[in-house]
Amino acid sequence: MLLKRSRPKSRWKSWLKPWQQVDWLLFCLVISLSMFGGLMILSTELTQPVADWFWHWTIAGIGVFIALFLACTRYENLIKWHWVTYALTNISLIAVMIIGTSAKGAQRWITIGDFNVQPSEFAKIGMIITLAAVLHKRTAASINSVFRALAITAIPWALIFLQPDLATSLVFGAIVLGMLYWANANPGWLILLISPIISAILFSISWPFSEPIVLFNTISFGLLGLVWVVAMGILGWITLPWRNFVLNGIGASALNFLGGELGVFAWNHILKEYQKDRLTVFLKPGYDILGVGYHQHQSRIAIGAGEVWGWGLFKGPMTQLNFVPEQHTDFIFSAVGEEFGFVGCLLVLLIFCVICFRLLRIAQTAKDNFGSLLAIGVLSMIVFQLLVNVGMTVGLAPVAGIPLPWMSYGRSAMLTNFIALGLVESVANFRIRKKYYSSSF
């Protein structure tokens, strides 16, 4: 009797075995955004000799291989190296201050051959790994753990702020808040953490204006600031764990009042002129549209000109005639709006929403707290950059040097995003097979 020969195992399945549980939908969506971003960069450069679109695709290709390598490497190994990662992060940021290259009033790059490397971009990954390793051992349910996480973040944050790179320092803040929340920090504590910043804005918001309306702004926002200070005092009285509830409330109110005064001081003595200009343009739409408000004004016109369906690829008049400065980097979304219209913008945002949902799903199904925190750190980074970048192109956020993930031109930013993708895919790949458990937080 002849035995039926067993079917040989598919070579294709055997080749994919190291990536058996990788989230391929997430991977494909990111690659699609990168390819589309390169196409939009090409559209902004048809009349220029610079071939940034080629480098965009090249770095994306390198990033794909890095992400695939990281996806089949156990992410748990990073736990025992997290202090080394933290040290290297700080050393690279200190090196920028010593041997860095200056451009546009900031010293953020280290020149290696013909390339400029921006360590502050890679510092985001270093911070995510470090915080995930720290918080997975001791959650943020106690205020001491929260202060410990903030102390660890303070050094790289300060080094980035001194470059100066206010935009990246804000991304750090978003990462820390997202990871602390996921690690069971009391939401009231997180509100108290950011409350001095809001107080600073409310107390100093009228400073950019010199028209007669300044008196109205001073009174209205001043009253709003006082209401906010009182509200934070009540929140501190309710949520802070120390025994003296009265001192908790007074301390929270005092901290916010101090934040307001520091906001006024920062406006007059610390912020650079270009930072003041960006805040002024945001607070007062239409301000100096031929000067400091030119970027945002032109971006809004380009997006509005696209209407529903857009002009078509390579056909947007403002994009082709370079009427929007920095369109291949920070303002790439305006090219999408002009050439593909409202429908194109909606589709891009929908893809980002699916990416964020997949990142959240991986965080929920991770086999341990460390992996879950890694995914949430990456999610916080992507969401904040997306909101600020798209917001500034339509006038809903101040202009900041924050690129649109995987779409804006920027070699360091592109590699950082793909490294982040690789780490999250590793978390997905090494989940407990066939049976998923939600985060233990």
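These legends accompany close-up views of a predicted model.

Residues are numbered from 1 along each chain as its sequence is written, and side-chain values use heavy atoms, with hydrogens and water left out. Because the model is predicted, local features need pLDDT of at least 70 and side-chain atom pairs count only at pLDDT 80 or more, while totals for chains, interfaces and linings use all residues.

**Figure 1. The protein chain as a whole.** The chain holds 16 helices and three strands. Helices (H or I, at least four residues) and strands (E, at least two) are DSSP runs, numbered from the N terminus. Of its 441 residues, 49% count as buried; buried means under 20% relative accessible area, exposed over 50%, and partly exposed in between (1.4 Å probe, protein chains only). Among contacts with a separation of 6 or more, 74% are between residues 24 or more positions apart, where contact means heavy atoms within 4.5 Å. The accessible surface is about 22000 Å², and carbon and sulfur atoms account for 70% of that surface. Accessible areas come from the Shrake-Rupley method with a 1.4 Å probe; for residues, only the protein chains shown count as cover.

**Figure 2. The second largest pocket.** The volume of this pocket is about 280 Å³. Of the 15 residues that line the pocket, F147, L192, L240, W242 and L255 are the closest to its centre. Two or more lining residues come from each of α6 (143-161), α8 (187-204) and α10 (245-269). Helix α10 gives the largest share, five residues. By class, the lining has 13 nonpolar, two polar and no charged residues. Ala, Val, Leu, Ile, Met, Phe, Trp, Tyr, Cys and Pro count as nonpolar, Asp, Glu, Lys and Arg as charged, and the others, Gly among them, as polar. A pocket is defined on a 1 Å grid over the protein atoms alone, as an open set of points where a 1.4 Å probe fits, with protein on both sides within 12 Å along at least five of seven lines; lining residues have an atom within 4 Å of a point. Grid points are joined across faces, edges and corners, and a volume is the space filled by probe spheres set on the points.

Figure 3. I128 is buried, with a relative accessible area of 1%, whereas F122 is partly exposed at 26%. Leaving aside neighbours within four places in sequence, I128 is in contact with I175, M179, L374, G377, V378 and M381. With the same exclusion, F122 is in contact with V117, S412, L415, T416 and I419. From C-alpha to C-alpha, I128 and S380 are 9.9 Å apart, although 252 residues separate them in sequence. F122 and A420 are 298 residues apart along the chain, and their C-alpha atoms are separated by 9.6 Å.

**Figure 4. H82 in helix α4.** H82 is found in helix α4 (residues 82-99). Its relative accessibility is 4%, so H82 counts as buried. Beyond its neighbours within four places in sequence, H82 is in contact with I129, T130, A133, V134 and K137.

**Figure 5. L223 in helix α9.** L223 is placed in helix α9 (residues 214-239). L223 is exposed, with a relative accessible area of 51%. The C-alpha atoms of L223 and L202 are 9.0 Å apart in space, and the two residues are 21 apart in sequence.

**Figure 6. Two loop residues with positive phi.** Most residues other than glycine have a negative phi. F314, which is not a glycine, has a positive phi of about 65°. F314 is in the loop between α12 (294-305) and α13 (317-320), and counts as partly exposed at 33% relative accessibility. W406 also has a positive phi, near 65°. W406 is in the loop between α15 (369-393) and α16 (411-429), and counts as buried at 4% relative accessibility.

**Figure 7. Cysteines.** The structure holds zero disulfides. A disulfide is a covalent bond between the sulfur atoms of two cysteines, taken here as a pair of cysteine sulfur atoms within 2.5 Å. C353 is in no disulfide, and the nearest cysteine sulfur, that of C356, is 6.5 Å away. C345 is buried, with a relative accessible area of 9%.
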